[in-house]
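Have a look at the structure first, then read on.

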Amino acid sequence: DTVWTVMPALGLDTLTLFAAAAMRTERIRFGTAIVPAFTRHPIAMATQAMALEGLAPGRLRLGVGTAHARTMVDVFRFDFSRPLAQLREYVEVLRPLLQQ
């Protein structure tokens, strides 16, 4: 009933793949476990999720998270000294955008 996938740091974009799949399905739900929050601006994440919601109403389960230090530091050179505090701030921006 539901397809769940993670988004690798340098892999294909999960939400884009789900959008393509949504055009070919009518019932399958899509779940992200997880999209690394810090790889995109929260407004970009919200607009992409809202676009997918428009294509597949009620079928997206969006999970965002910190990823892990090895990816964030080694691949993206991201400051990972306060990941949970940064994620909390990110979600505080993201949540109201998704409720539009």
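A pocket here is an open set of grid points where a 1.4 Å probe fits, with protein on both sides within 12 Å along at least five of seven lines. Keep in mind that this is a predicted model. With that in hand, the largest pocket holds about 220 Å³ of space.

**The largest pocket**
- Its lining is made up of Ala49, Met50, Glu53, Leu60, Leu62, Val64, Val91, Leu94, Arg95 and Leu98.
- By type, that lining splits into eight nonpolar residues, two charged ones and no polar ones.
- Helix H2 (42-55) and helix H4 (83-98) each put at least two residues into the lining.
- H4 gives the largest share, with four residues.

**Helix H4**
- H4 runs for 16 residues and spans 22 Å from its first C-alpha to its last, close to the 22 Å expected at 1.5 Å a residue.
- Pro83, Gln86, Leu87, Tyr90 and Leu94 are the buried residues in H4.
- What do those buried residues pack against? They pack against H2 and strand E5 (64-65).

**Val75**
- Val75 sits in helix H3 (residues 69-75).
- Val75 counts as partly exposed because its relative accessibility is 39%, and partly exposed covers the range between under 20% (buried) and over 50% (exposed).
- Leaving out residues up to four places away in sequence, Val75 touches Leu10 and Arg70.
- Val75 and Arg59 are 16 residues apart in sequence, and their C-alphas are 31 Å apart in space.

Notes:
Residues numbered from 1 in each chain as written. Predicted model: local features only at pLDDT ≥ 70, side-chain atom pairs only at ≥ 80, totals over all residues. Heavy atoms only, no water. 1 Å grid on protein atoms, 1.4 Å probe; cavity = no way out; pocket = protein on both sides within 12 Å on 5 of 7 lines; lining within 4 Å. Points joined across faces, edges and corners; volume = space filled by probe spheres on them. Nonpolar A, V, L, I, M, F, W, Y, C, P; charged D, E, K, R; others polar. Expected span 1.5 Å × (residues − 1). Buried < 20%, exposed > 50% of the residue type's maximum accessible area, 1.4 Å probe, protein only. Contact = heavy atoms within 4.5 Å.
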